[in-house]
Amino acid sequence: MPVEEFVAGWISGALGLVLGHPFDTVKVRLQTQTTYRGIVDCMVKIYRHESLLGFFKGMSFPIASIAVVNSVLFGVYSNTLLVLTATSHQERRAQPPSYTHIFLAGCTGGFLQAYCLAPFDLIKVRLQNQTEPMAQPGSPQPQYRGPVHCAASIFREEGYRGLFRGAWALMLRDTPTMGIYFITYEGLCRQYTPEGQNPSSATVLVAGGFAGIASWVAATPLDVIKSRMQMDGLRRRVYQGVLDCMVSSVRQEGLGVFFRGVTINSARAFPVNAVTFLSYEYLLRWWG
Ligand SMILES: CN(C)C(=N)NCCC[C@H](N)C(=O)O
């Protein structure tokens, strides 16, 4: 099994993650809290009350876990294609796989990475939602002192299963949308690259950026539900499950609730995934 895809997936994911984390914090707040009037209001409030550091809350665990999560996504994607089409990453430019195979490989990668991602994503969302300023003497103490304390508290208060709160919604979000992600990327690369050649850097950047946007637009409805399920259980349980969360969110806030954070999600998705794919492609070419 080629391991380069796993390592390239890890490094490229980490680069994208640092770039996109401030946008991600704003998105999570907009999806789960009703105190903000919009993106700008949310950014201004975070900056005023929590300083620049507020945007980077909850980033350390994703950085630590991206090695597993992104290498599983890209490694499983590439190795599923290898099983389905018997071609390696290098051979795929000359013998491009069908879109059905790309979609299936993307869905498989998405499904497996969601399982690894679930506890880390939960901790990230819980930390991002703490509005107390960081490390200021005399200010109110947040419920969680950091990622390890957060994980230990969830385990103690909500049990082992508590660490997987929202995992179903995450799997439903990621399985089909990772198929969309890779199909969009491959489709755009093929469209703008002469047959048999590697896509140029500009093509990779644009295709990666649009793959991020397409997958996040499709993922946003379940992303909202996932974030709400993850915040549920903090004090008392409100939702019975994914369906109940969907129904009560729509009843209370209308259908528009499914598009909460779609603008910031898309603004974040372009640079994050442009950088992710560019570094992924170049690392593989460098090692190939
Ligand atoms: C749930 N969806 C749509 C995705 N995860 N899409 C793929 C983008 C992955 C990238 N690490 C990012 O965070 O944008």
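User: Hi! Which residues are linked in a network of salt bridges here?

Analyst: Hi! In this predicted model, the network joins Asp 24, Lys 27, Asp 121, Lys 124, Arg 173, Asp 174, Asp 223, Lys 226 and Arg 268.

User: Okay, take Arg 268. Which residue does Arg 268 form a salt bridge with?

Analyst: Arg 268 pairs with Asp 24, and their closest N and O atoms are 3.8 Å apart.

User: Where do those two sit in the chain?

Analyst: Arg 268 belongs to helix H9 (residues 262-287), while Asp 24 belongs to helix H1 (residues 4-32).

User: How many salt bridges does the count come to?

Analyst: The count is 19 salt bridges.

User: Nice. What about Arg 126, which residue is its salt bridge with?

Analyst: Arg 126 forms one with Glu 158, with 3.0 Å between the closest N and O atoms. Arg 126 is in helix H4 (residues 99-128) and Glu 158 is in helix H5 (residues 147-162), so the pair ties together parts 32 residues apart in sequence. Arg 126 and Glu 158 are both buried.

User: Which side chain does Arg 165 meet in a salt bridge?

Analyst: That would be Glu 158 again, at 3.0 Å from N to O. Arg 165 is buried, as is Glu 158.

User: Changing topic to cysteines. How many disulfides does a search of the whole structure find?

Analyst: The search finds 0 disulfides.

User: Are Cys 189 and Cys 245 buried or exposed?

Analyst: Cys 189 counts as buried, at 1% relative accessibility. Cys 245 counts as buried as well, at 0%.

User: Last one: where does UniProt place a "transmembrane region"?

Analyst: UniProt places that feature at residues 55-78, and the entry is unreviewed.

User: How much helix and strand is there over residues 55-78?

Analyst: That stretch is 79% helix and 0% strand, with its end C-alpha atoms 33 Å apart.

Key
Residues are numbered from 1 along each chain as its sequence is written. This is a predicted model: local features need pLDDT of at least 70, side-chain atom pairs count only at pLDDT 80 or more; totals for chains, interfaces and linings use all residues. Side-chain values use heavy atoms; hydrogens and water are left out. A disulfide is a pair of cysteine sulfur atoms within 2.5 Å. Buried means under 20% relative accessible area, exposed over 50%, partly exposed in between (1.4 Å probe, protein chains only). A salt bridge is a side-chain nitrogen of Lys or Arg within 4 Å of a carboxyl oxygen of Asp or Glu. Helices (H or I, at least four residues) and strands (E, at least two) are DSSP runs, numbered from the N terminus. UniProt positions are given in the numbering used here, feature names are shortened, and annotations may be inferred rather than shown by experiment.
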